[in-house]
Structures are given as structure tokens and as C-alpha cells.
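Thanks for coming. I'll take this one piece by piece, starting with how the chain is divided up.

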Amino acid sequence: MMKIADRDEYRGIWVIAEVNGDQISSASFELLSKARELKEQGQIKEKVTALLLGENLADFPEKLAQAGAETVVLVDNPALRYFQNETYALVLQEIVTARKPAILLMGATAVGSDLAPMLGAKLCTGVAAHCVDMRLNDTGNLVAVVPAFGGKVLGDILCPELRPQMATAKPGILGKAVCFLAKDYFVENYDASEILKKDRGRVKALSVTYKSINGVPLEMADVVVAGGFGISNKETWVLVEKLADCLGGAVACTRPPLDEGFAKEYQMIGTSGKSVRPKIYIGAGISGATHHICGMKDAGLVIAINNDAKAPIFKVADVGVVGDAAQILIGLIEALQSGKWDEICVPN
Amino acid sequence: MELKIAVCIKSVPDPDYYDKITIDPKTKTLTRKGIPAIISPGDKHALEAALQFKTINGGIVTVISMAPPDAKKESYEALAMGADKAVLLSDRAFAGADTLATSYTLAQGLKRSGDFDLVLTGTESADGATSQVPPQLAESLGMAHLCNVQEFSLQTDGDIMATVKMDSAIGKYKIKLPALLAISRTANKPRYKTAMSIIKAKKKPLNIMGNETLQADTERIGQNGSPTWPGDITIPSLARHGQILGGSVEEIVEQLITKLRLAGASSVRKKEKSV
């Protein structure tokens, strides 16, 4: 167990940021804004620091500063071009051990969900996985709120005796990043060439190929139009896509449209897919099995359209329509396309 | 040399019964009474991957689990699916473990059960779904690892070539054995057990180990070995008003548009025209 005196050496909040291709992961921005909130809450003096590993990183510090980073530590090295868990963890372990942040946050992305537990094991400390919220308690310890049983249960996770206190969060879950005036941020270039010589080379990336996604990414969308089992043919599925398109939103699905081949895996909402928090969620032909509801329960306005009045989705919806999803979708699309949408009087 | 393959499986409450989970008001702990346990669905993909790998490359497949003694049922199910041996780590001292303590305990169990070349896991369990055990188990074993593996094959040079799914990318990786691979749920379709395979499973070896046999460091198992502490738990209410709209399709559409506009939705087509 770590002594309290040693624990006190660990200070400040760090976010391990992530670049995917030529873009910073939205989770990194959201975590930085959250870190600023925690800093304020705990009246923490140390600067919120973003740590970024990769190659050709010069364009990114300003973007990280706009999301809340006050210091950006860059580890820019050709050996870090592709994500290799063993290589990245080696560098991170060296920096974190030397710099001793009290709180260390990462995205619960493919990369973050691999690195965070690895680093937790190397540093012998605790990691709270994919938390939906975080705060400091009255002793200044991090309290991470973590879902279990597909989101049915929320539990607080603490790591009071060891440091750093680590946590990950999925993109889109902590709320949108705040925009900061990035003028006084500090950039530090960290030379990892010595530590990289110790890379055992057991894991080698041969290539990483980025796929392009059509339209707005699901986690980022303000409007999500989701289709389920009730959307039984391709023609009706096209209506789901069209409505999302007209509203500038993203298309989502439950398992059946995925199995039918209408939708893609990255569009699935639920415990085995994504969790989303859009302003508006429209569920068409979705009955509302627990594992789907867990992924959309935090949406703003929930509209459910289903022909079965007993469908459980209606219990978690603000507005319900019992009827044929296709007819309603067609009606909405026509109103949006014809201009009728704007003619309808909306009370202030 | 015969390849030694281990598959980690977890017993979890059946996700179809999550509605029945409640919090005991006195102890403030979760009550799972009456909820049947199953093999965490993702882990069956790891077992299927191991069985397919064995068909191609030969080898022996051992399933390992850390759970209360009742989980023998899940061990036998894995044996019925085709595993050759099963190991069940079962001791009260293991209870209350977080991912780090669980990984340490599983690593000790694996080290005692053989010199494994390949350890396969699912990507995440159905209940906690942290995805943290695969990387932490690999660390405990001193093995290299890959997460979210979609496909993998043994190369002539003795390394594994793997396709890995990332959020918006596909990675091709080469990894040296011994290694741990967390297998994606989209990697394969797990096989069913048959009446014959269930009968055969009963004759396969199941080794139940407590800590007397395992001799794991008591400071690193169960609650003692867990850096994270659980705090309050809540079951948030998800119920909403559920106003059902009536009228003709046209009337319903009009009401929906009002609701949507009040919530801040706008027509993309219109916006583009006005620019």
C-alpha cells in the first residue's frame, strides 16, 4: 500500500489524448473540459495537462488547449506512428512515473481501453472503466461513476490509497467539450528516444487503415434516428436514413437491422454497441429491450414509434406514437422537404 | 510440440434477467437472487476461436474461470462445446476482486495449469463490461497482447498475424508467442453443444483449485488486492412521461414536428437553401 506522504507527491490532472489518423479523438476534448471542471471544483493549482503520443503532432496543441489543456506534452516520434500497445505503454509509464499526476484520464476508445488497464497494471493502481461522470469528494479523491449490468446499475468507484487515480470515459458521454481561449498554454516536447530503445518489439503494427464514416458520427450527433426489428425491409430502412439526413442527424440501429445487412456495426446502440446522449432520439420500430435502452436512456427528447402499444420503449419515451413507423417517417420527411416543417407554429 | 491454448471464461448473471436485479436496502449490495448464470456471451467467441485454431494447428484447449463452485455448470458447458480440460479457481478469498486482483488470480491459475502459448479471452464481460482483464492479465503473465482481434493465424515463422478492429480503423499486427488475444464478438459464430458432446464433457477433467493449492499472494487477491473500492450504488429510474400522440398520421406528424422544433431540431435542407 502506498504511504500517504508518497500519495501527496502526486498532483494535478492529466489527460492522455489520442489521435486517430489526422484527428484528435472527441473523447480527449471532452476529458480535458471535464478535467478543467474538476480542477475548479477541487481548487487544484497544477495545470491541466494533455499528453499526446504519435508522429507529426505540431498542429494539435492548439486544439487541445481550446478544449481546456493548459500544458501540452508532445511525444513526437516516428516509432509512435501506429498504435502499438507495448510501445505506447512503455513511454507512458516512464512519463507518468516521473511526473506523478494525481488523476489520469483517457478515452474509453479502442486505444484508451487497451492502454489504461495496461498502465494501471504496470503502475499497480486502480482504473475505473468507461465512467459516465466524475467528481471529487470532500477529501479530494476522484469518484468515478461507472455503469454495470448494461447500465442498469450505476456504482461509484474510488481509488483512495494509490496513485494516479485512473479513469476512462467513452466519447460523447461526459457532455460536449467547452471552448477555451487558448492563448497562454505551454507546449513541451518530450524526447522518448532513449526509452524507446527498450521496446521489446513483441507487438508490431504493420498497417492501420482508417475507414470513412458517412454523415455525422453517431456519438457526436445532436439528433439520432434509430431503426429496429419493426423496420423489416430495405425500403423502410432508407426512410430512417433519409429522416436522419433531413435533420442533420445520425442513423442508429438495434441488432436486427444489423443482421439484415441494412445497418453497419458502428451504428448499433446498446450494451454491445454505443452509448449516445443526443438532444433528440427517434426510435422507429424499436421495442426497447433493456440492452438497447441502456445505450439511449440519457438522450434529451425521446420519441418512440412502434405498432405495439405494449412495447417497453414507450415507458422510457417522452413522446410515443402507436402506429406504422413507415407512414410516420414518410410524413416527417415530406414535411421537412416541402417546407411544411417551418410553417408549423411553435410556441415560444 | 503441441500448442497449449487457454481460454478465460466468466460466469455472469444472464443479461436477459437484468430487470430483476435489485439493491438490498439493508446491505446496499446487489441482489441477484433467481437470476441464472451463463458463460458471458463474448467469451464463447474466444472459445470458438480457440477450437478453430486447434483444428488448423493442433493443440490442447483449457478453459479457466474464477468463480464460486456453482460455476462448474459453465465449465462443463465449455467442455461440451469442445474444450479439452477445465480449471475453476474457487475460493472465498478471491471474492470482491477488481480487475487487477482478478487478473493476478487468473494469471496464477494459468501458471499452475501449464505453460500456455496462447491465451484467448472475450473483449468484455456482459456484467461489468470493463474490458480491463485482457490487458491486465497479459501484464500479469508477462505476455504481449492484442485487443479486439477479428482474425488471427499462425505464421510459418511462429508469430501470430492478427487483424484488429479499432474505433474507425482496422489494424494489421504481428505478435510474438506467448501472447494473449482478446477476441471480438464479430470474429465468429460460437458452435452449439450437442447431446453427444454434453455426455462426453462429463468425462473430461475439471480441476477445481482453492487458494490452498493455488498459493497466490493473499495481499494481491480478493478485496485486499484491489486498488479500486466500490462506493454507493444506485439503480437509476428510466421512466419518462410517455405521452402517446393521437389523431391521423398528418395530425401526429404535426405534433411531432412541434416537439422536435421545441427540442431544437432544424431542417438541414432549409438551412442550406438560405445560405
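Domain bounds here come from an automatic or database domain assignment. For chain A that assignment gives domain 1 (4-196) and domain 2 (218-341). The model is predicted: local features need pLDDT of at least 70, side-chain atom pairs count only at pLDDT 80 or more, and totals for chains, interfaces and linings use all residues. Residues are numbered from 1 along each chain as its sequence is written, while chains are lettered from A and ligands numbered from 1 in the order in which they are written.

Back to the domains. Their centres, taken over C-alpha atoms, are separated by 33 Å. Domain 1 of chain A puts eight residues into the contact and domain 2 of chain A puts in 10; contact is C-beta atoms, placed from the backbone, within 7 Å.

Now the two chains. 79 residues of chain A are in contact with 73 residues of chain B. On the chain A side, H5(A) gives the most, nine residues. Helices (H or I, at least four residues) and strands (E, at least two) are DSSP runs, numbered from the N terminus.

There is also strand pairing, which takes at least two DSSP bridges. Strand E18 (residues 319-322) of chain A pairs with strand E15 (residues 243-244) of chain B, in the parallel sense, over two bridges. Within that, Gly320(A) is opposite Ile244(B).

Last, what does Leu64(A) touch, leaving out residues up to four places away in sequence? The list is Ala17(A), Ile24(A), Leu32(A), Ala50(A), Leu52(A), Ala69(A) and Val72(A).

Notes. Contact = placed C-beta atoms within 7 Å.
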